Structure formats: structure tokens, C-alpha cells
Amino acid sequence: MERVQPHRILKNEALLRRLSKIHVKRPLIEAEQGKRIAGYQGELASDYYVKKLLQKEYLIFHGLRLQNADDFFQIDTLILSTKFFLILEVKNYTGTIYFDFKHKQLIQHVNESEKAYLCPILQAKRQQYEFTNWLKEQKIELPSEFLVAISNPSTIIKSDPQHYEAHQKVVRPQELVDKINTFSKQYAKDKLTSSELKKVTKILLKKHVPESYDALDYYKIPETDVMTGVQCPECGVFGMKRIHGTWYCPSCKAKHKDEHIQAIHDYFLLINSTITNKKLCEFLHLTSPYIASRLLAKMNLPYTGTKKGRVYMQKGIT
């Protein structure tokens, strides 16, 4: 299961593209988006080392979201074998971080500022507990381990001297392969057959539930605040006009062929997962339903209905 860019990042990108530069919610969205991008980049950095594991011996899942009873839990990286499973929690902190044993928190120092976070060790242990229970529901028992990977190589890691778990469980990405090989020697006996492992994989993929996220609802932003139209890639102004098969920018005079594609994806990300010819005309500021129909047809989007009742869909956006 490959890691893909989270829909939250994609949807927030679209929102920031189509919000006024002076919108009251913009600083909040930009701050949260920066943290999410940093986190995603940290996960990618760790993936580089995880991929060095023998694929025949280990199965690697990224961003799994599963359900226990009425609650969902999400795992950054799950490494699964016939012998054990490993929960990997990836963090991309900067500056100096300190694992506080007494108060079960992580303290970050950057320049002159200090900030406290929920301890990622506790997060990883919680995921370990949840996944163990999830496996039990499937009548499967496997030994388990967890690690916290600090992906930023310039981050200074400190901890209380008595914080045993911080010393043993917090690692740099380049240590991962050695750590996992140590676990493999520790859990030398197979608990699952190869066919049983394949069965678990099928169940995991079937039970995975992608997170549903509506950016406008999350930030309490009315749809009317979303700027419509086609954005010029040269000057950033919205309102390009479709003239003789080309998008023309009245502001900077630039011409481009397919800038409507980004606009339609923005619509799917922010407004609705389906679109009609009429809605496309409204969103792209088109006066011709015929042009709108041609643009949608060229994108080869799945659809239902015929002629005026046709509804186009974007797959994979939730």
C-alpha cells in the first residue's frame, strides 16, 4: 500500500488557491498546511529507508485507517511479517526536542520559543494497542513492536535519563533497517503462514477507510468565499476567458490551453465530488454549454446519465 499525498493537503492547497489573500482564516490554514506538509515530507524521508527492507519478508502499509468498534485509528506506517508487526510513528520536528518522562510529553525548542506536544511514544503505543485488538477481532495474534522515527536529520533529540522508552524506541530513519532486523531475530518463529499473511493483507485493504475531509466545513468558510473562474498561471489572477480553444488572461495577456483542468479539480476538492454542465459553466464563467460539454468530455471523467442530465464524477476524492 503506497503512501499518497493526503487529501487534506490537496484540499487545503485548493482552498488557499481560491481564498482572498486577506481572508481572515488564511493565516490559520497556512499554518496548519505547513505542519501537514512537513509531516508528509518526514514520512517520505522515512519511507526511503523502509523500502530497503526485503519485500518478500515484510509487507509495508502507509496511512492505514481502520475501525475498532465505533472509533477509527490511523497508522503512519505498518510493517507486517509472519513473525511480528511493527508500528512506525514518523515525526518531522525541527530544533531541539526533549522527551519529558514525568509529564509524558514532548517539549520542542525552536530559537527562543518552547512548545509542548502529546508524546509521540504514547501515540505509537496507542496505535500498537488498537491494531493488536483489531487483529484479535480477526482471530489473529502477533507479537508487536513500535518505533518513533524523527525524520529531520538536524533535529537534536534529548530525553530524561530515566526515560527508557525514549532511549530504545526513538530512532533516526537510517537506524530503521538495523532495528527491524533485530526484531526479526528476536521473534524468530513464524506465527503466520505465507497464505495467512496474504489473507491478512486482503482484509487490511478491504477494511481501510480513507478519511473524509471537507475543507470548507472544517474551517467554517462559506462557499461564497471561494473565488471562481480559471486562474492564470502567470499572474495568478482569476477570470481567464475561453477564446478560440484557448484560455486568455485579460490581466497579463497570457494564453494557455488547459488551465480549466486545475479549476475543475479545485471544484471537486472543495465544492462537490460531482459536477454538471451547468455547474461547470458557473464555476468557469463560461457562456456556452457546448464548450463546457467538450471540456468535460476531453477529461474522460466517469459519468452517469445522458445529455442534459449527465453528471460527471472525480474518483478517489473524499
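**Close-up 1. H244 in the loop between β10 (241–243) and β11 (246–248).** This is a predicted model, where local features need pLDDT of at least 70, side-chain atom pairs count only at pLDDT 80 or more, and totals for chains, interfaces and linings use all residues. Residues are numbered from 1 along each chain as its sequence is written, and side-chain values use heavy atoms, leaving out hydrogens and water. Strands here are DSSP runs of E, at least two residues, and helices are runs of H or I, at least four, numbered from the N terminus. H244 isn't a glycine, yet its phi is positive, about 50 degrees. Most residues other than glycine have a negative phi. H244 is exposed at 81% relative accessible area (exposed is over 50%, buried under 20%, partly exposed in between; 1.4 Å probe, protein chains only).

**Close-up 2. K253 in the loop between β11 and β12 (255–256).** K253 is another non-glycine with a positive phi, about 70 degrees. With 53% relative accessibility, K253 counts as exposed.

**Close-up 3. Q128 in helix α3.** Q128 is buried, with a relative accessible area of 15%. Its side chain makes a polar contact with the side chain of S144 at 2.9 Å (N or O atoms within 3.5 Å; within protein, one able to donate a hydrogen and the other to accept it, and residues adjacent in sequence count only if both atoms are side-chain atoms). Setting aside neighbours within four places in sequence, Q128 is in contact with F85, I87, S144, E145 and F146 (heavy atoms within 4.5 Å).
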